[in-house]
Amino acid sequence: MYAIIATGGKQYKVAEGDIIKVEKLGAEDGSKVTFDNVIVIGKDDDLLCGDAVKSASVEASVIRTAKAKKVIVYKYKRKTGYHKKNGHRQPYTEVKIEAINA
């Protein structure tokens, strides 16, 4: 069984036992979180969507909150001597999917 959930402006295909990185949730390490925005649930060869998944949810536990690898942003304009270097590290939360409630 798998589910497609939406969180942080993105969609993720998850199954029980999966470990995924989502946008920072603000939950403490070791706590439980529930994703209520379930779009699709797949069982065997059957797909459930719309009103069939209105009450569905996905339970997960927070493993850790960290920052991703640094992305270098470099701006440059030729012949003017203008160049600017900047870096960004996006925070994320790593969660383990515990159960899919359909």
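Which residue in S10 does Thr-65 stand opposite? Thr-93.

Ground rules. This is a predicted model, where local features need pLDDT of at least 70, side-chain atom pairs count only at pLDDT 80 or more, and totals for chains, interfaces and linings use all residues. Residues are numbered from 1 along each chain as its sequence is written, and side-chain values use heavy atoms, with hydrogens and water left out.

Now the sheet. Strands here are DSSP runs of E, at least two residues, numbered from the N terminus. Four of them make an open antiparallel sheet, ordered S3-S10-S7-S4. At the edges sit S3 (19–23) and S4 (32–35), each pairing on one side only. Pairing takes at least two DSSP bridges between two strands. S7 (residues 57–67) and S10 run antiparallel, joined by 10 bridges.

Next, Glu-94. Strand S10 (residues 91–101) holds Glu-94. Buried or exposed? Buried, because its relative accessibility is 14%; the cut-off for buried is under 20% relative accessible area, with a 1.4 Å probe and protein chains only. Beyond four places in sequence, Glu-94 contacts Ile-19, Ile-20, Lys-21, Ser-61, Val-62, Ile-63 and Arg-64. Contact means heavy atoms within 4.5 Å.

Last, the core. A nonpolar core is a set of buried Ala, Val, Leu, Ile, Met, Phe, Trp, Tyr and Cys residues joined through side-chain atoms within 4.5 Å. The largest has 18 residues, and Val-14 and Val-58 have the most contacts inside it. Strands supplying at least two of its residues include S1 (2–7), S2 (10–15) and S5 (38–43). Val-58 touches, among others, Ala-3, Val-14, Phe-35 and Ile-97.

Key: Helix = DSSP H or I, 4+ residues; strand = E, 2+ residues; numbered from the N terminus. Buried < 20%, exposed > 50% of the residue type's maximum accessible area, 1.4 Å probe, protein only.
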